[in-house]
Amino acid sequence: TPEERMRTFSSYDQPCRDLSDGWCNVANKDMVPGTVQVTAAYHKGNLVYAYSGDRNAELGKSWRGAILNNAENIFDLCTAHKGVPPEPTSNNYPGLSFDKSNPGVYTGNCDTDTYPSSNDCRWENCQLPSSIFSSTSHVQMTVAIYLC
């Protein structure tokens, strides 16, 4: 089910030292202060896009918590779907995956992992600009959610 496949691992505490750790998580997100939620994507440390929204009360409780309420574009270098905020989507792996192509559709497409057929889909909805990397897709990607 999408609920199970998009679980947020809220009970796991993996310190966030830097984005090269592979993955990190702050447990008990409801205890973290802040009213603004930001979803940002990076390629090898280079910011590619960042969108903010009102803090979602479901963050850390449900995959729906990754939906940005009243989303606003902070920064977007994508050459495709520029201006479309990332939203959680059903994916092939446990955890959250995002899509930048189909607003409001949480069970299709992908931009951050693989399709069920195991075809890499990283950056497909965004298409990296040549100023970031020579390949537009299927290369390293890090997505982070911040609370401010």
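1. Throughout these notes, buried means a relative accessible area under 20%, exposed means over 50%, and partly exposed covers what lies in between, with a 1.4 Å probe and protein chains only. By that rule H43 is buried, because its relative accessible area is 1%. The model is a predicted one, in which local features need pLDDT of at least 70 and side-chain atom pairs count only at pLDDT 80 or more, whereas totals for chains, interfaces and linings use all residues. Residues are numbered from 1 along each chain as its sequence is written, and side-chain values rest on heavy atoms, with hydrogens and water left out.

2. H43 belongs to strand β1, residues 36–43, where strands (E, at least two residues) and helices (H or I, at least four) are DSSP runs numbered from the N terminus. The side chain of H43 reaches the backbone oxygen of Q140 at 2.7 Å; this is a polar contact, that is, a pair of N or O atoms within 3.5 Å, of which, within protein, one must be able to donate a hydrogen and the other to accept it, while residues adjacent in sequence count only if both atoms are side-chain atoms. Taking contact as heavy atoms within 4.5 Å, and leaving aside neighbours within four places in sequence, H43 is in contact with V48, W123, L128, I132, F133, V139 and Q140.

3. Which residues make up the largest nonpolar core? A nonpolar core is here a set of buried Ala, Val, Leu, Ile, Met, Phe, Trp, Tyr and Cys residues joined through side-chain atoms within 4.5 Å, and the largest one has 12 residues in all, namely A41, V48, Y49, Y51, L68, C78, W123, C126, L128, I132, V139 and M141. Its largest share, 3 residues, is contributed by strand β2, residues 46–54. Apart from this core lies another, of 5 residues, including A40, Y42, A50 and A144.

4. M141, a member of the largest core, is in contact with A41, Y42, Y49, D111, T112, R122 and W123 once its neighbours within four places in sequence are set aside.

5. Because Y49 lies in strand β2 and W123 in the loop between β5 and β6, the latter pair ties together parts that are 74 residues apart in sequence. Y49 is buried, at 0% relative accessibility, and Y51 is buried at 1%.

6. The structure holds 1 disulfide (a pair of cysteine sulfur atoms within 2.5 Å), which joins C78 to C126 with an S to S distance of 2.1 Å. The torsion about its S-S bond is about -95°, so the disulfide is left-handed. Since C78 lies in the loop between β3 (69–76) and β4 (87–88), and C126 in the loop between β5 (98–99) and β6 (142–147), the pair ties together parts that are 48 residues apart in sequence. C78 is buried, with a relative accessible area of 3%, and C126 is buried at 0%, whereas C148 is exposed at 51%.

7. How many salt bridges are there? With a salt bridge taken as a side-chain nitrogen of Lys or Arg within 4 Å of a carboxyl oxygen of Asp or Glu, the count comes to 1, and it is formed by the side chains of K100 and D76 at 3.0 Å, N to O. K100 lies in the loop between β5 and β6 and D76 in strand β3, so the pair ties together parts that are 24 residues apart in sequence. Both K100 and D76 are buried.

8. K82, in the loop between β3 and β4, is exposed, with a relative accessible area of 54%.
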